[in-house]
Amino acid sequence: MSSFLVQLLNGLAGASSLFLVAAGLSLIFGVTRIVNFAHGSLYMLGVYIAYSMSERLAGGVGFWFSLVFSAVAVGFIGALIEMVLLRRIYKAPELFQLLATFALVLVIKDGVLWIWGAEDLLGRRAPGLEGSVEILGRNFPTYDLFLIVIGPVVLALVWLLLTRTRWGTLVRAATQDREMLSALGVHQSWLITGVFALGAMLAGLGGALQLPREPANLGMDMLSIGDAFVVVVVGGMGSIPGAFVAALIIAEIKAICIWLGDVNFGPFSISFSKLTLVVEFLVMAVVLVVRPWGLFGRPQGTPRHSGAPEAPLRPAGKSLRWFAVALVAGMAVLPLLQGQFPYALVLSVDLLIAALFAASLHFIMGPGGMHSFGHAAYFGLGAYGAALLMKAAGLPMEASLILAPVVAGLGAVVFGWFSVRLSGVYLAMLTLAFGQIAWSIAFQWDDFTGGSNGMIGIWPSGWANNRTAYFYLTLVLVVVGLFALRRMLFSPFGYAMRAGRDSVLRADAIGIDVKRVQWLAFVIAGVFAGAAGALFVYSKGSISPEVLSVTKSVDGLVMVLLGGVQTLAGPIVGAVTFTWLQDTVARSTDYWRALLGGIILFLVLVFPQGLAGFIHDLVVKLKPNREAAR
Amino acid sequence: MKLKPAVLAIALTGVLGASASAWAADVIKIGEINSYKAQPVFLDAYKRGMTLALDEINGAGGVNGKKLEVITRDDNANPGDAVRLADELLSREGVDLIAGSFLSHVGLALADYAQQRKVFYLGTEPLTDKIVWENGNRYTYRMRTSTYMQTAMLAAEAAKLKKKKWALIYPNYEFGQSSVATFKKLLKQAQPDVEFVIEQAPPLGKVDAGSVVQAVADAKPDAIFNTLFGPDLAKFVREGNTRGLFKSVQVVSMLTGEPEYLDPLRAETPDGWIVSGYPQDSLETPEHKAFRAAYVAKFNDYPRLGAVVGYSAIKSLAAGIKKAGGTDTEKLIAAFKGLKVDTPFGEIVYRPQDNQSTMGAYIGKLKNTGDKGIMVDYHYVDGATVQPSDEEVKKMRGDK
């Protein structure tokens, strides 16, 4: 029993750590509605800055000063990011800021590598709290006791700031309605800069406080950001006490899992220790299914401050159609040029697959209005489906290419059913949770999916097993897929889906079953993502859990946003640009991540409507002039 | 909307335009694919090791009168990217063979690609046993001391301790799982009364060290076998020290003596752990002294294990190409069978039965010198001595 109690105490220390990372994100999320991917990077910066300072400053005072200094410094960096970058793109379509923060992650990661080097940096122990105290016959680190106290203290301070000061009142007002606040004469931009700086400072503090517990390392950004999002969403966006409760629940469940270890239920043995791989996402899925706005959250109003309303989609004009035909024809002759450009075919296959994947995501994200953060789940289900149909069921490539999208579609039937009950960021996070659960199953199930190593030896049938044939196969399937997706958007179903996105109430009033339409859209998107996944696996010959990972989902989001979420060609342009950029940039410099991030930041600032969106707007703007000239 | 496809066209032109393969008859091109950005500590040193070997080889006139050239690519820790880059290296750069990979799943994907495209592949660092056994193929050779080999070395030391109750801690993915499975099997063989009282498998990079240390301590083991490394190791060590876990418990730990993972521990280094690793500061064999001196002279930094691996990989390829008299795939495959190569760890041999090199590792104890950790009382274990029987190997490999 005493071992259990001490584990609960461990959980409390973990909860404080988790809360400190998440609190800042929740604040930023709640007020600005920005999905700040760079929050984990700010956390990582906090650890590194604290490390450097504490190595230079001697003594106990120096150490504690370093932690505070680090938090303040990261706060400044946050303010800078908001003023220089984010402020310029608040008018962009929803979620576009996500693209900017994604680029920041890349830049900060390489920046940290450049400044601090690759080696892990283990900081000193906290002066005065180096040792341990005896609790129930066990040595418990004094520093963990300190953390257990500091979490609630920070919670109380932030809560007081938000509820007992004028600034806090304004921030809460901004959370509810920024336009109204602005109309009342409150200078908004400083308020938002302040919130962002405070959120960043909390991230920096959270990081700095980890210094005595874990080494500063380059993986911290991605590892912490997932946890932080989960805590924020489970707690309810924008609710700081909610974040604390969520952190507590998740940390304690983890501690209990570790305490349980391997448990036998009759003939079955469950390793709860291994369950810690995914337990936070299981918690998030359960909470969101039961409480669609998190534990302490409230239903969100529609944000009024986002970009201009989207223009209705129009079928392609004659010249665009001809262009598309010419493009496909141009690609069809590519194999003839293999002698001069041998790599073109190889890369084109990847570009085509990326285009289909991004288009399927765009299908639910743009016209469907449902942001999926776990779209890799369907890509991965298709890929694993194809691999397993071939390896385990012994089907030939042709059959598994047809059946794999069905597997992905079935996955979407299940995940979609739950997801469409939610909306906004909560929907996005539930899809993320499902994606992670699918990933962890593939990662753990060694006998069936090959576990972390995945499966190899999944090559196309003889006739398609050369570059040219496989390229044609991909070209045909992707072009058909893209055309089918586009065609569906102009069918009655597509109109119903867009109606549901633009106004649930009005769509409902004219007899559209919005949830059912959305569910169907989910399944269709899943099927096409699955087709992309199946094509992917045969082009590589192997598969591993990466295809199901968050990174893959984020890549999809980046492609769609980069191209422009409000145009139909956006995902294609974005997918091609991003994949090609990554391929080219990675070859040109050692610091390719920073360069890629820099290019994306540039594109974000210059083309806030996305690349295709920008061109679209340009064409629309020019048209009347041309007509007038006639 | 009209111009959108134009962007696509421009992008494609870029792809096409960027390609220009230069064929030079007097150069042998090696395509090297690795996770440079995902594993920078190991692979920065690895790249330097390759550079050093290349300078030595080309300075001495190259191989068969031709210069060696290495073209590196970053796979972004992703097997799909690795396969595309292999395609690129072969089709556009016209490389003669491929090498590289740090991560096991990337290594396996490249090995399978090599078999499919009938090209020679030297897996330099991936540790997975499968790459030479269950999923082995005739096109794939592997240089680095495998998970099985390192585990077998440590299991032999563990058996000498005569401890009865063992705790097992490992990162939850194939490397950790297979190391622990092998450890359990070999220790049980050597010491049938052994008991495994607890297993903890935290996710890679995310160990809740406090809880894990507590759970292990509560299971009251006599000894611990650990395969955590990197940030997980540092967290585990610090918590274990604070909570007094290591005071009465002997720890046997894999990879911990490698400078990449030992150096960050600094003053926290636990005394007396039995580890596998690379004692670069005190290893005074003639081969290693020469290597270390050349490395320090060139880079003004001490070598990490990555440097030894990168250096030995290029030396292996040079020796293989020389023996084969060229880069013909079939001739290379034949030449690598039983190929002998001089490395900083002494001579290694590529085993004909499973394409695995006999590169070994150093087994010793950790010692905390006050501000850093070093390896002491170490000895080299030749990789040839820690293999399963040839029959077992044959059974696992099938008739590949």
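User: How is the size of an interface read, and what area is buried between chain B and chain A?

Analyst: About 7,800 Å² is buried between chain B and chain A, with carbon and sulfur atoms giving 57% of that area. The size of an interface is often given as the accessible area lost when the parts come together. Buried area here is the accessible area (1.4 Å probe) that two parts lose on being put together, summed over both. Please keep in mind that this is a predicted model, where local features need pLDDT of at least 70 and side-chain atom pairs count only at pLDDT 80 or more, while totals for chains, interfaces and linings use all residues. Residues are numbered from 1 along each chain as its sequence is written, chains are lettered from A in the order in which they are written, and side-chain values use heavy atoms, with hydrogens and water left out.

User: How many residues does each chain bring to the contact?

Analyst: Chain A brings 97 residues and chain B brings 82, where contact means heavy atoms within 4.5 Å.

User: How many salt bridges does the rule find across the interface of chain B and chain A?

Analyst: Side chains of opposite charge can pair when their charged atoms come close. The rule asks for a side-chain nitrogen of Lys or Arg within 4 Å of a carboxyl oxygen of Asp or Glu. Across the interface of chain B and chain A it finds 14 salt bridges. One to look at is Glu55(A) with Arg266(B), whose closest N and O atoms are 3.2 Å apart. On the side of chain B that touches chain A, helix 1 (residues 4-17) of chain B gives the most, with 11 residues. Helices (H or I, at least four residues) and strands (E, at least two) are DSSP runs, numbered from the N terminus.

User: Which salt bridge does Arg213(A) form?

Analyst: Arg213(A) pairs with Asp144(A), with the closest N and O atoms 3.0 Å apart. This pair links distant parts of the chain, 69 residues apart: Arg213(A) is in the loop between helix 8 (188-210) and helix 9 (220-235) of chain A, and Asp144(A) is in helix 5 (residues 142-164) of chain A.

User: Now the sheets. What is the strand order in the five-strand sheet of chain B?

Analyst: Strands of a sheet pair through backbone hydrogen bonds, either parallel or antiparallel. Two strands count as paired if DSSP finds at least two bridges between them. In chain B, five strands form an open sheet with parallel pairing, in the order 2-1-3-4-5. Strand 2 (67-74) and strand 5 (140-142) of chain B each have a single partner strand, so one side of each is left without a neighbour in the sheet. Strand 1 (residues 27-34) and strand 3 (residues 97-100) of chain B run parallel and are joined by four bridges; Gly31(B) stands opposite Ile98(B) in strand 3.

User: What is the order of the seven-strand sheet in chain B?

Analyst: That open sheet has the order 7-6-8-9-10-13-14, with mixed pairing. Strand 7 (195-200) and strand 14 (373-381) of chain B are the edge strands, each pairing on one side only. Inside the sheet, four bridges join strand 6 (residues 165-169) and strand 8 (residues 223-226) of chain B, which run parallel, and Trp166(B) has Ala223(B) as its bridge partner in strand 8.

User: Where does chain A show antiparallel pairing?

Analyst: Look at strand 1 (residues 132-135) and strand 2 (residues 138-141) of chain A, which pair in the antiparallel sense over four bridges. They form a hairpin with two residues between them, and Leu136(A) in the turn has a positive phi of about 50°.
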